[in-house]
There are 2 protein chains.
Amino acid sequence: MKDSFSLNQVRSLYPALANKTYFNYGGQGVLSHQVLAQISENFAHIESLGSFSIAANNWITEETRLLKEAIATEFNTKPETIALTENTTHGCNIALWSFNWQQGDRLLISDCEHPSILAIAKALISRFGIEIDYFPVFANESDAVAISTIQKCLKPQTRMIMFSHVCWNTGQVLPLAEIVKVCHSHHVLVAIDAAQSVGVLPLDLPSLEVDFYAFTGHKWWNGALGVGGLYINSKILETLEPTFAGWRSLVYNFPEIKWRHDAQKFEVASSTYPLYGALRTAISEGNAFGIQRERYNRICELSKYLWEALQNIPNIICVKKEPPLCGLVSFEIANSSHTQISQYLETKHKILVRSIPHPDCLRVSLQYLSTEDDINLLLEILKTL
Amino acid sequence: MKDSFSLNQVRSLYPALANKTYFNYGGQGVLSHQVLAQISENFAHIESLGSFSIAANNWITEETRLLKEAIATEFNTKPETIALTENTTHGCNIALWSFNWQQGDRLLISDCEHPSILAIAKALISRFGIEIDYFPVFANESDAVAISTIQKCLKPQTRMIMFSHVCWNTGQVLPLAEIVKVCHSHHVLVAIDAAQSVGVLPLDLPSLEVDFYAFTGHKWWNGALGVGGLYINSKILETLEPTFAGWRSLVYNFPEIKWRHDAQKFEVASSTYPLYGALRTAISEGNAFGIQRERYNRICELSKYLWEALQNIPNIICVKKEPPLCGLVSFEIANSSHTQISQYLETKHKILVRSIPHPDCLRVSLQYLSTEDDINLLLEILKTL
């Protein structure tokens, strides 16, 4: 772990950390001075080139290539397996809609998914007459229980499973590699909501053999809002066709149009390209702090520190019975409105912690940029409630 | 029309106009100094509030409300009919996928649509087994011919028609109100690619009775890349369900989820909110120059000026036989590679004009910010080719 002097130096690079105590990395990360400057510079650079020009097009092509390369490196995969999207949910839509659903097919999801996944499921039910099964994710179950629970929930009509690698509400980390093995043995595709795992867990996506892995740049990677992506396993890529499509999906030789052969066939049209380099910078700033494994270890140490301290505060019950293996620490305060406490912490103490509707709790996100001092400040106030 | 002194004052607000001759507004517009500054300020403001916080959420909610209000005002409609998207193509996808297509249903499109529309049609053919009919859009046909041509192409199985209000390649403006009447009398939905009409034509969408109108902020409105929208006729809004969906589509009262009742049900998840205010500023900068009717008149005068001058250059043939009623002037140069001429103009003369594959031509976009001097410069060089 960095010593507190160098940690403070790193933290001073992020304006958001100067005037508040920030615990909402799972909602959105923080932009560094360098990232903010790069966004402004990139917008100005495009104007200087001429926004629609051969020069700007070459610049955009190169920015896109470099960003996919940077993302692919983090996942130990090839850039061809990455489609850029606006956010995690967009990637989840691409994955869930890519299957050629027929009436009576079944989709298996966990009972802890984000409302966005429930929205997509609702749309699929309405359009194709599919049915949804739910598998329970108890915050405190063992990997073995999770795997056998999923196995029991697979039906002959189950075509796809979708769940969060790290549950957004409880911080439970699911044993992905083992679940993939079980599902693939039943010919069930595996799609992952990776909103809370990318930028937290060390990842080697090809070795996990997962089919779809949907993520965003603006949470744990500290990139700007509006750039995310979807990893698609190269084994299934060629067989899939886009739902939403556009010029970016195509190899276009007038009058012939064909789908591209790489994951870009799931991209649609123009995006906010000035943010691409900003995400690349944000990823490299993270790597300058430490490789993902080191940052993950630090995140887990901080989560454990908070979790252990919370055990000693009367009226507080952690959702997990052991320290979370990610950056999310969720807990209930007895006889309290967690929404009101979140408001109180923000308005009275400039401490940003979110409330969650189910399980009804507060959720603290700890990033490698978080400090024990931050946590101690939060603990002091929690003791007074 | 503004006198040249005040026009130069207005043009000096746009850094892109300082170092080149820009004729690609139909590809992408130009950002003012004020818009560029606002983008930077908004990104910094969110960091100052805490990107994921009650304060930031309130700010985003208000920015979203104000942008929808500004867009709705331009269209003489209500904000509830506007869904925000990433670009025009995204809106076209929402429109085309919103219909509950059955095998054998038919979609009617023009033979001048952008490759993005062909991509969406390809996806729908593959998924639902629908069939596509094409109606010819000759650059020089009269409104009466266009309407009767479409009427002849409607079949009993035709469910929807999609075409560009202003053709991206020829600059033909189609008689939308009359086409809507014909199509609705056959119970055919009308979806419009408005990439080249929004920010050019004065528009009253409710009176046109069009069903879907998909647009972007980054072309003729001079907003930043990554913010567009879709207008949906309030008469059909309640009956439609989203394809791609997410938390923004929902009224969420755990555990109950319902679709929203306004056009926001077609929005998915997080976007680059700092750009919303920038688009609002860009729209108001346009209105400070003159209302849309005045800007449209100026655009048409400039198009006429160029079109008439081109008649006198040997070897140049305009695609349209009369001055275009929009900002797009397309023309062929005999025995030339239009791609190479576009490259030559950009690299040797800093004049930005795009080439089009079909019809094989050059396309000049004229905005109210364009000048006769700009046009004269282009004409001088064209005469030397």
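## A salt bridge within one helix

In chain A, A:Glu69 and A:Arg65 share helix α3 (residues 54-75), where they sit four residues apart, about one turn of the helix. Helices here are DSSP runs of H or I with at least four residues, strands are runs of E with at least two, and both are numbered from the N terminus. The two side chains form a salt bridge, with their closest N and O atoms 2.9 Å apart; the term means a side-chain nitrogen of Lys or Arg within 4 Å of a carboxyl oxygen of Asp or Glu.

A:Glu69 counts as partly exposed because its relative accessibility is 35%, and A:Arg65 counts as partly exposed at 40%. For these labels, buried means under 20% relative accessible area, exposed means over 50%, and partly exposed lies in between (1.4 Å probe, protein chains only).

## About the model

This is a predicted model, in which local features need pLDDT of at least 70 and side-chain atom pairs count only at pLDDT 80 or more, while totals for chains, interfaces and linings use all residues. Residues are numbered from 1 along each chain as its sequence is written, chains are lettered from A and ligands numbered from 1 in the order in which they are written, and side-chain values use heavy atoms, leaving out hydrogens and water.

## Salt bridges across the chain

Over all chains, a search of the whole structure finds 26 salt bridges. One of them pairs A:Arg106 with A:Asp133, the closest N and O atoms being 2.7 Å apart. This pair links distant parts of chain A, 27 residues apart: A:Arg106 is in strand β3 (residues 106-110) and A:Asp133 in strand β4 (residues 131-135). A:Arg106 counts as buried at 14% relative accessibility, and A:Asp133 is buried too, at 10%.

A:Arg248 and A:Glu267 also meet through their side chains in a salt bridge (2.9 Å, N to O). A:Arg248 lies in the loop between α9 (234-237) and β9 (250-253) of chain A, and A:Glu267 in the loop between β10 (256-259) and α10 (274-289), so the pair ties together parts that are 19 residues apart in sequence. Both A:Arg248 and A:Glu267 are buried.

## A sheet in chain B

Over in chain B, four strands make an open, antiparallel sheet in the order β11-β12-β15-β14. Strands β11 (316-318) and β14 (354-356) stand at the edges with a single partner strand each, so one side of each has no neighbour in the sheet.

Strands count as paired if DSSP finds at least two bridges between them. Strand β12 (residues 328-333) is joined to strand β15 (residues 361-365) of chain B by four bridges, and the two run antiparallel. Within this sheet, B:Val329 stands opposite B:Val364 in β15(B).
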